[in-house]
Amino acid sequence: MQQEGQYSTGQDELEQALPNEKLVEAKPRHALIVLNPVAGRTTPEGLKAILDTSFKQRGWEYEVYETKPDDNIGRRVRREIDKGVDLVIAAGGDGTVSLVADSLVNTDIPLGILPAGSANVLALELGLPNDLAQAAEVLAGDHRELTLDLMKAEGRYFILQIWDWPGCD
C-alpha cells in the first residue's frame, strides 16, 4: 500500500477508472484477514463460513487472525507480508480498518474491507455492501482498488477520525 492507502470496492461500471482507481480482475489471492472478534456484527465462525464460500471456492489461501486488546497488529501484518500475503483484509469496524491501514503504510499491499463493525462509515462511504457475504463477493470478484489519503498524528496513520487506541471500535 502506498502512503495514501489502497482499498478495494466493487462497482458495476468497471470499464471507467478514475485517476485514484485501478481496475482489478478476480484472481486467487493469499490473504490475511484481521478480524476484530468483538466488532459487533458477526462471530468468528460466521465470518469463516462466508470466507469459505467466497474465497476458498475460488482458490484463495487465507488465514484469519483474531485480534486481542494488546496485540501489535503491525508486527503481525508485516510478518505475514514477509511470508507472501498479497492482500490484507480488515474484518471489523472503522477502528479495525484504521489500525490495519496503519500497518500497511509504505507497502504495496492493498487493504480490503469486510464491514463487521457497528457503523462501518468508511465502507458505506466507499459504496461497499454492508452485508458481509456481499462484501466478500466484491473482494473475490472483479473490483476497483482505490487510493485514499490517510491522516498522521503522533506517528500513527488514521482513516476518517483520530482517536485513542486500544479499545476503540
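Is Leu-104 buried or exposed? Here are a few notes to get you started.

1. Leu-104 counts as buried, because its relative accessibility is 0% (buried means under 20% relative accessible area, exposed over 50%, partly exposed in between, with a 1.4 Å probe and protein chains only). You'll find Leu-104 in helix 3, residues 94-104; helices (H or I, at least four residues) and strands (E, at least two) are DSSP runs, numbered from the N terminus.

2. A word on the model: it's predicted, so local features need pLDDT of at least 70 and side-chain atom pairs count only at pLDDT 80 or more, while totals for chains, interfaces and linings use all residues. Residues are numbered from 1 along each chain as its sequence is written, and side-chain values use heavy atoms, leaving out hydrogens and water.

3. Now the largest nonpolar core, which has 28 residues; Val-77, Val-88, Val-100 and Leu-104 touch the most other members. (Such a core is a set of buried Ala, Val, Leu, Ile, Met, Phe, Trp, Tyr and Cys residues joined through side-chain atoms within 4.5 Å.) Helix 3 gives the most to this core, with 5 residues.

4. Val-77 touches Leu-32, Val-34, Val-88, Ser-103 and Leu-104, leaving aside residues up to four places away in sequence; contact means heavy atoms within 4.5 Å.

5. Look at helix 1 (residues 44-54) too: its buried residues are Pro-44, Leu-47, Ile-50, Leu-51 and Ser-54. They sit on the same side of helix 1, because they cover an arc of only 125° around the axis (the arc is that of the directions from the helix axis to the C-beta atoms). Their cover includes strand 4 (61-66) and helix 5 (132-140).
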